[in-house]
Amino acid sequence: MSRQNEAEEQRRQRGQRALLLLSLAFIAAVTLCGFLAPLLSPYSPAGLQEGRILEGPSWSHWLGTDGLGRDLFTRILYGARVSLTVGIGTALIALIIGSLYGLISGYSGGPLDSLLMRIVDVVYSLPDLLIFILLSLLLGRNIAGVLLALGLVSWVRFARIARGQVLQAKEFVYVEGARAIGASHLRIIMRHILPNIAGPILVTLTFSIPAAILAESTLSFIGLGINDPYSEWGTSWGTLAQDGWRAMRTYPHIILFPGLAIFFTILSFNYLGNGLRDILDPKGK
Amino acid sequence: MVRFLIKRLLHALVVLWVVASLTFFLLHITPGGPFDRERRLPPEVLANVAAKYHLDEPWWNQYTRYLTGIVQGDLGPSYKYLDRNVRDIVADTLPVSASLGIFALGFSLALSFPVGLIAAYYRNSWTDRFCLFIATLGISVPTFILGALLIWLFSLQLGWFQAGRWGDINSAVLPTATLGAAPAAYLSYLLRSAILDTLGEDFVRTARAKGLKETTVLFKHALSNSLIPVLTVLGPLTAGLVTGSFVVEYVFAIPGMGRFFITAVTDRDYPLIMGVTLVYTALLVGANLLVDLLYSFFDPRIKAQ
């Protein structure tokens, strides 16, 4: 590589690191907003105010108010809880189901492995968003139901990656050594295989958070996602955007701000995933 | 080759059967039903309705009736639209959704090839970085937000295109761009890195050493060898278009299958939900089969297996 290319490469890496830090900072800020929502805002997310309906941004209402006079900034703060809970919760459920499945499949090998992978192939070909909608009808259209339904359709990716990694790790000399000195299966998996497959799994985890946030907010927007208007926890950003969508012609700010919140959150997680992949899993590029 | 295709075909059939069964049983065990009203219907009426749709029979009878119906091309009655059955609704709405999907696919291919080539040609320059930045935005922006933004800008503010109608070119522009944006961004990414990979190959160095023009090397050697990775993602891409289409149809009020799916879920019109899910799956599976075929056709290494 020439000297100019090296300088170019260094500059690129610096830029990527800056983006990674920026995304991390944004995610941290959103998380804090979710936790501290009651402290950060003097208003209640459900606090109706007569006579202050559909106001634009002002000093007392930073992002304006909605059709019922509720402070939009407050509602977005509380909405962060919904998006993050759904995103992280879904990713964790998918991680647990998928990694266990992939681990068992890859470690056992043989006919059980091919049977389990045949099942994964089929699940992978399902139209996941539609199955998710039907599952959430069954499990209830609240945060817990949506979270579980999303987790149940998105574990396959983890299963495939975990299995692939286990197959590779199984061939390493030190695993063979551990087996030779009579280590139990559990010990081999916990001590020797899991630490080796953690990197790619973590990268997949990071990418599945924005995917879940996107799925949840999209479905809430079209009215098939979370439908829990009396929840104390907060209203989904997708539902907020839906409120704004109906009034977009005259009051575009009501859809703009929830939209920006969704967009920047997803963008940050994607940049975080890219950065983590560069660090943890350079081959997976 | 033939064995490979038979295997893929069997897989496709299994997927269709799984989806048919899954939707059937999921909706079967979901509490509440399509005939629950605010004001309870009289028991005689409910009994009549149940008898009409065979809901009074044990579930295995209903299940086998449903499966035999599918095999015969009958997707059952619609609970909501009494004068039409599910097959009629699909026949009316599928062409709309399919043309939207094909427009969007064409849009993304037409946009991503020049962008991918330019970004690869001017690699690591500001042009390249700008293309990558736009592509990252395109991947991260949710479809419904992009749709709302395009409507606000081009329809409400500038008045260039119409939104909320379907049937002519002008009103198809914004939905096509909305649905095609994410695939276009993704394909540009992919093409750029595939072309860059190919440019590092020995035969490209040979071509350059022969004194061929850079454009010849780029188009003839690099581009044509970068098509295989593009082919492999056409399957998942179609999946994205299919699921994306019902959001776009909702936002732009396009009378396609996705919009009927959404209202069917709200109305709990179970046969319509099952039918549309099955047709969507068939589209997905069919697209994947096609990709497998093309793939084995273009890459001799697959054919040999």
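## Chain B overall

Chain B holds 13 helices and 0 strands. The model is predicted. Along the sequence, the pattern of chain B reads α-α-α-α-α-α-α-α-α-α-α-α-α.

The C-alpha atoms of chain B fill a box of roughly 85 × 55 × 30 Å along the principal axes. Chain B has 305 residues, and 44% of them count as buried. Take the contacts in chain B with a separation of 6 or more: 72% of them join residues 24 or more positions apart.

## Helices H6 and H7 of chain B

Helix H6 of chain B covers residues 143-157, and helix H7 of chain B covers residues 169-199. The two pack at an angle of about 145°. Their axes lie 9 Å apart. The crossing of H6(B) past H7(B) is right-handed.

Which residues make this contact? From H6(B) come Thr143(B), Leu146(B), Gly147(B), Leu150(B), Ile151(B), Phe154(B) and Ser155(B). H7(B) supplies Leu174(B), Ala177(B), Thr178(B) and Ala181(B). By class, 7 residues in the contact of H6(B) with H7(B) are nonpolar and 4 are polar. No charged residues take part in that contact.

## The interface between chains A and B

The size of an interface is often given as the accessible area lost when the parts come together. Here, chain A and chain B bury about 3,600 Å² between them. Carbon and sulfur atoms give 81% of that area.

On the chain A side, Leu130(A), Leu134(A) and Leu137(A) supply 17% of the area that chain A buries against chain B. By residue count, the contact takes 35 residues from chain A and 41 residues from chain B.

## Thr136 of chain B

Thr136(B) sits in helix H5 of chain B, which runs over residues 126-140. Is Thr136(B) buried or exposed? Its relative accessibility is 7%, so Thr136(B) counts as buried; the cut-off for buried is under 20%.

A polar atom of the Thr136(B) side chain lies 2.7 Å from the backbone oxygen of Leu132(B). Beyond its neighbours within four places in sequence, Thr136(B) is in contact with Leu267(A), Tyr271(A) and Tyr189(B). Two of these partners, Leu267(A) and Tyr271(A), belong to chain A. Tyr189(B) belongs to chain B, and its position falls within residues 169-199 of helix H7.

Terms used. Residues are numbered from 1 along each chain as its sequence is written. Chains are lettered from A and ligands numbered from 1 in the order in which they are written. This is a predicted model: local features need pLDDT of at least 70, side-chain atom pairs count only at pLDDT 80 or more; totals for chains, interfaces and linings use all residues. Side-chain values use heavy atoms; hydrogens and water are left out. Helices (H or I, at least four residues) and strands (E, at least two) are DSSP runs, numbered from the N terminus. Buried means under 20% relative accessible area, exposed over 50%, partly exposed in between (1.4 Å probe, protein chains only). A polar contact is a pair of N or O atoms within 3.5 Å; within protein, one must be able to donate a hydrogen and the other to accept it, and residues adjacent in sequence count only if both atoms are side-chain atoms. Contact means heavy atoms within 4.5 Å. Axes are lines fitted to C-alpha atoms, for helices over the stretch in contact, and angles run from 0 to 180 degrees between N-to-C directions. A crossing is left-handed if the near helix is turned anticlockwise from the far one by less than a right angle, and right-handed if clockwise. Ala, Val, Leu, Ile, Met, Phe, Trp, Tyr, Cys and Pro count as nonpolar, Asp, Glu, Lys and Arg as charged, and the others, Gly among them, as polar. Buried area is the accessible area (1.4 Å probe) that two parts lose on being put together, summed over both.
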